[in-house]
Amino acid sequence: MDGLFSVEAWEKVWIFRETFLLGITNTLKMAFFALLISLILGIIFGLMATSGKKILEVISRVYVELIQNTPLILQLCFVYYGFAFSGRSLGILVTGFLALGVYHGAYMAEVIRAGIGAIHEGQFEAADSQGFTYVQKMGYIILPQSIKIILPPMVNQVVNLIKNTSCLYIIGGSDLISNTYSFVTGASTGGAYGPAYLVCGLIFFIVCFPLSTLASIWENSLKKRDMRTITVEATIVTEGTVGK
Amino acid sequence: MSTLGGSLSILKNTDILFYIFKGIIFTLILSVVAVGCGLVIGSVLALVRNYSRSDFSNPLKWVVTTFFRTLSIAYIETFRNTPLLLWIFVCLVFFPFPEAMAHRMFGLTSVEVKLLFKAAAALILFTSSVIAEIVRGGLNSVPSGQFEAGHSQGFNTVQIMLYIILPQAFRNIIPTLLSQVITTIKDSSYLANIAVIELMSRVKTLLNLAYKYNGTGTVNVSDVFVLLGFAALIYFIINFTLSIVVRRIQNKPKVRVV
């Protein structure tokens with residue numbers, strides 16, 4: 001734990017505070033663009049998976065399984081080296097949010113699929129019988145109901161997304177982790193391991209903790225409400241039968 | 001297309017295949033060990049977070065239980081909200097390494113053994129926080145009537161935990177734990193950042209050396225596709241098989257003692 005209590009090391013971190021600020025800015029920037037891509041992909045493939053058309057479901061399944069069963073680092077290297085060795089380098093930030101977006105898109109698709117799948121089948125049939133088009137059915141009836149099921153796990157995915165920007169270190173990224181590491185190993189800045197890692201961890205914690213706490217509280221309250229609804233419905237049913 | 005033939009010939013080299021195979025073994029052993037150790041640490045954390053509480057009538061006991069519960073919550077939340085790579089870097093610097101273990105073993109140099117030990121420690125610490133939350137989910141799924149039934153039969157709290165609650169909780173979380181093995185196999189690829197031990201790092205090393213083996217003298221884009229594609233295929237086969245097992249178990253009707 002040497003360095004954690006040395007004033008000198010803390011001073012060094014304070015002098016180079018720009019490194020950490022730049023790191024978290026890059027991380028959040030990348031997370032934001034990756035989130036956009038993953039949301040678009042997630043909605044497209046999530047809707048495909050629940051469309052009821054065999055071919056679309058298979059395509060969505062293949063995408064999700066391929067992405068979820070291989071490591072993010074591998075996909076990142078694939079994108080990065082694939083472009084680099086064919087002479088069209090994308091730049092690290094672009095590679096980063098492309099790979100992260102595609103990776104988390106698969107998880108978003110699963111979240112959305114589960115959310116839509118949780119809606120009672122009668123709702124779909126009711127919408128169809130009223131002559132709603134697909135877009136109307138989804139926009140007015142299904143998605144408003146599934147959004148509360150979808151959002152908590154989606155917030156969890158955002159937390160994972162922010163944490164996963166650390167993958168960029170392998171291709172020499174400029175996110176928070178990479179910046180911290182080059183700070184502690186740099187020739188003129190090196191040595192302040194304890195304070196630098198502590199600061200880096202704290203920044204991640206400050207960003208992620210409120211989000212993950214929000215997600216779990218939200219999820220728990222939804223679960224409780226569902227249970228209440230079920231009990232209320234059950235009592236109504238039993239009271240009804242007793243009354244008769 | 002001539003470069004593709006060269007790239008494919010890399011995979012015909014038995015030395016290289018053996019090299020990759022060793023990487024697969026390390027990946028698998030590392031993940032299973034991480035989940036195994038994580039299960040032990042995680043169960044303790046989950047039990048403490050869930051049940052280490054008492055009312056204020058005995059202030060000393062209240063202070064002790066609250067202290068341990070807070071400690072467990074702090075541990076879980078810290079690791080859940082920071083990236084694994086940070087902990088790998090932290091453990092590389094701060095995790096104590098028994099010098100008695102610094103020998104060549106499993107075909108690794110003593111430096112690599114040291115790195116493996118420290119990185120495995122980071123992976124275990126990280127995974128245990130995730131598993132703690134999984135176990136807690138399992139514990140919460142056991143209805144509270146089970147406690148009352150145990151107490152009424154004269155079991156004490158430890159016996160109730162060991163014989164009644166934990167067996168049911170663990171049976172409920174088997175599929176989630178297996179999914180965690182998949183996640184850990186994927187997470188173990190983070191070790192590629194620090195040492196050449198497991199599958200991902202070995203493939204990446206091979207990619208950088210591909211010019212020696214593909215007969216063209218340079219690294220071509222086809223090497224990227226062949227080598228990384230091969231690694232992706234291996235990861236996919238392992239993880240997809242596991243996820244099929246998970247789905248099998250999930251689809252089985254749960255045996256429930258009510």
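## Contact of H4(A) with H5(A)

In this predicted model, helix H4 of chain A meets H5(A) through A:Leu72, A:Gln75, A:Leu76, A:Val79 and A:Tyr80. On the H5(A) side the partners are A:Thr95, A:Leu98, A:Ala99, A:Val102 and A:Tyr103. Sorted by class, the contact holds eight nonpolar and two polar residues, with no charged ones. An α-helix has 3.6 residues a turn, so residues three or four places apart point the same way.

The two axes come within 9 Å of each other and cross at roughly 135°, which makes H4(A) oblique to H5(A). The crossing of H4(A) and H5(A) is right-handed.

## Surroundings of H4(A)

H4(A) runs over residues 72-85, 14 residues in total. From first C-alpha to last, H4(A) reaches 20 Å, close to the 20 Å expected at 1.5 Å a residue. After H4(A) comes A:Gly87, which has a positive phi near 85°.

Ten of the 14 residues of H4(A) are buried, so the helix is largely enclosed by the rest of the structure. The buried residues are A:Leu72, A:Ile73, A:Leu74, A:Gln75, A:Leu76, A:Cys77, A:Phe78, A:Val79, A:Tyr80 and A:Tyr81. Their cover includes helix H5 (92-117) and helix H7 (134-164) of chain A, together with H8 and H10 of chain B.

## Interface between chains A and B

Across the interface, 29 residues of chain A are in contact with 33 residues of chain B. On the chain B side, the elements that give two or more residues are helix H3 (59-80), helix H4 (84-94), helix H8 (199-208) and helix H10 (221-251). H10(B) gives the most, with eleven residues. The chain B side divides into 21 nonpolar, eight polar and four charged residues.

## Packing of H7(B) against H10(B)

Within chain B, H10(B) also packs against helix H7 (residues 157-187). The angle between the two is about 170° and their axes are 9 Å apart. Angles over 145 degrees count as roughly antiparallel, and H7(B) and H10(B) are therefore roughly antiparallel to each other.

From H7(B), the contact is made by B:Ile174, B:Pro175, B:Leu178, B:Ser179, B:Val181, B:Ile182 and B:Ile185. From H10(B), B:Ile238, B:Asn239, B:Leu242, B:Ser243, B:Val245, B:Val246, B:Ile249 and B:Gln250 take part. By class, this contact has eleven nonpolar and four polar residues, and no charged residues.

Key: Residues are numbered from 1 along each chain as its sequence is written. Chains are lettered from A and ligands numbered from 1 in the order in which they are written. This is a predicted model: local features need pLDDT of at least 70, side-chain atom pairs count only at pLDDT 80 or more; totals for chains, interfaces and linings use all residues. Two residues are in contact if their C-beta atoms, placed from the backbone, lie within 7 Å. Helices (H or I, at least four residues) and strands (E, at least two) are DSSP runs, numbered from the N terminus. Ala, Val, Leu, Ile, Met, Phe, Trp, Tyr, Cys and Pro count as nonpolar, Asp, Glu, Lys and Arg as charged, and the others, Gly among them, as polar. Axes are lines fitted to C-alpha atoms, for helices over the stretch in contact, and angles run from 0 to 180 degrees between N-to-C directions. Angles under 35 degrees count as roughly parallel, over 145 as roughly antiparallel, 65 to 115 as roughly perpendicular and the rest as oblique. The expected span of a helix is 1.5 Å times one less than its number of residues. A residue is buried if 20 or more other C-beta atoms lie within 10 Å of its own, exposed if 12 or fewer, and partly exposed in between; C-beta atoms are placed from the backbone. A crossing is left-handed if the near helix is turned anticlockwise from the far one by less than a right angle, and right-handed if clockwise.
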